[in-house]
Amino acid sequence: MKTSRSAVRARLAALCAGLLAAGALLAAQALPAHAADAPLRDLAAAKGKVMGTAVTGSKLTGTYGDIAGAQFSSLTPGNAMKWGSVEPTQGSFDWAEADRIVAFAQAHGQLVRGHTLVWHSQNPGWLTNGSWTPAQLSTLLQNHIGTEVGRYKGKVSVWDVVNEPFNEDGTYRSTLWYDGLGADYIASALTWARAADPAAKLYINDYNVEGVGAKSTALYNLVRSLKDRGVPIDGVGLQAHLILGQVPGTLQQNIQRFADLGVDVAITELDVRMALPADSAKLAQQAADYKAVTAACVAVARCVNLTVWGFTDSDSWVDSTFPGYGAATPYDASYAPKPAYTAIAQALGGGTTTPPTGACTAAYAVTSQWNTGFTGQVTITCSGAALSSWRANWTFGAGQQITQAWNATCTQSGSAVSCANASYNGTVPDGGSVGFGFNGTWSGANPVPAVTLGQAVSAAARTAP
Ligand code: G3I
């Protein structure tokens, strides 16, 4: 039988590809057993703590919703309950996003931290641009608190009643409220909130009050005097917007002194920002920082809630507020848990249970190769475990460079390659596999790298309680 040259070439290419693939050009590494790890909310509960996150209501679907529902036992609306959000025009209310978050929390057995009733920021224009007598201001504030707390009575169990009342030196911040009503606006707000929902826990929340210092001491003195006066105050919120490597050494001591005053303490807005780009050393330091904060809360019985200010780098206030800084949360922008996630879990006692059987593995193969180029394939296979998203990472050892990828989004920085699932192939069921491919260039040698799978959200962890 006569065979055409092109057919021979095609057969040779196929044979070559088969030999390369079969020729042990495979590397695989088991995914850490994330699939069966307890979610953070369960680990926290075992320590008597609540694990929370700030959320954006419109995002509570898909993977974002899966993680928010599975990992956290408390939600804080990042913006939805602020005065400017709920009453953009005087007397005309928009509760849609706040309601959505409350409904999601109820469906997932989560409590809601209401944030925030009295603040100098994110107030509606009609309020800040108006000119009000003290009596009018007082009535406006009382009505606002009564309306919002009343609406969510029995549904929002904790309120950040007053947010950020202090300057860095511990003096009162000049605000609409302080300037118009004097320092007692704080006592009034707490009293009105108590009247609107006697069962809700009432907090004062501030930033840069994590360690012992002038500002936290002002907060301490305020809480002490409120308690002495019989003003309702149940807790203090330490926001904890931290900078990489700068967890205050006096954090636990500070938490303890508030606890000793007879109030609860919550870490309300934890994030740890770093100069971008992130690298493994920074992520390791960030993990240490998250672990230190979590451990300080775990160490004090009255530290009742640890809340991160957004759980994914795709939903953080940091990047737009501090240009050049970011990567501040425990999950990356593709929802893969970062070392910070593992650090929180470990500080909550995770990782000490018997590892589950089963794993997901990634196998790398060169399926064809020519003088300067090659085609690679990575196959992710799960057995006894499952993934709902994935990220495959490796380091090229001989200057290879990816030029094109399919069925994944790949980025290469120097020799480091990171490929995340496409929108349609994040799920790898138990017993199933998913592959993606790429073309690359090589010169001199084309050694096969070891592929690690970034920890991904497991199907098991997505199940709501
Ligand atoms: O909703 C508008 C949108 O319509 C518009 O297109 C867009 C353009 O800028 O802005 C959107 O509003 C933004 C809003 O977040 C919702 O995303 C505001 O500009 C932005 O300033 C606002 O930032 C919020 C910030 O508070 C305001 O100070 C952050 O999301 C929120 O995470 C942050 O949260 C605060 C806490 O409440 C208190 N502690 C500090 C913390 C961080 O700043």
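In this predicted model, a nitrogen atom of the ligand lies 2.9 Å from an N or O atom in the side chain of Glu164. Two further pairs involve oxygen atoms of the ligand, one with the side chain of Asn79 and one with that of Trp309.

| Ligand atom | Side chain (N or O atom) | Distance |
|---|---|---|
| nitrogen | Glu164 | 2.9 Å |
| oxygen | Asn79 | 2.8 Å |
| oxygen | Trp309 | 2.9 Å |

On its own, the ligand has 780 Å² of accessible area, of which the protein covers 43%.

The shell around the ligand also includes Lys82, His115, Trp119 and Gln122. Asn163, Gln239, His241, Glu269 and Trp317 belong to this shell as well. By residue class, the shell comprises six polar, three charged and three nonpolar residues.

A second topic is the packing of two helices. Two packed helices are described by the angle between their axes and the distance between the axes. Helix H10 spans residues 214-229 and helix H11 spans residues 251-261; their axes come within 10 Å and cross at roughly 10 degrees. Because angles under 35 degrees count as roughly parallel, H10 is roughly parallel to H11.

From H10, the contact draws on Ser216, Thr217, Leu219, Tyr220, Val223, Arg224 and Lys227. H11 contributes Asn254, Arg257, Phe258 and Leu261. The residues of this contact divide into five nonpolar, three polar and three charged.

Note on methods
Residues are numbered from 1 along each chain as its sequence is written. This is a predicted model: local features need pLDDT of at least 70, side-chain atom pairs count only at pLDDT 80 or more; totals for chains, interfaces and linings use all residues. Side-chain values use heavy atoms; hydrogens and water are left out. A residue is near a molecule or strand if one of its heavy atoms lies within 4 Å of it. A polar contact is a pair of N or O atoms within 3.5 Å; within protein, one must be able to donate a hydrogen and the other to accept it, and residues adjacent in sequence count only if both atoms are side-chain atoms. Accessible areas come from the Shrake-Rupley method with a 1.4 Å probe; for residues, only the protein chains shown count as cover. Ala, Val, Leu, Ile, Met, Phe, Trp, Tyr, Cys and Pro count as nonpolar, Asp, Glu, Lys and Arg as charged, and the others, Gly among them, as polar. Axes are lines fitted to C-alpha atoms, for helices over the stretch in contact, and angles run from 0 to 180 degrees between N-to-C directions. Helices (H or I, at least four residues) and strands (E, at least two) are DSSP runs, numbered from the N terminus. Angles under 35 degrees count as roughly parallel, over 145 as roughly antiparallel, 65 to 115 as roughly perpendicular and the rest as oblique. Contact means heavy atoms within 4.5 Å.
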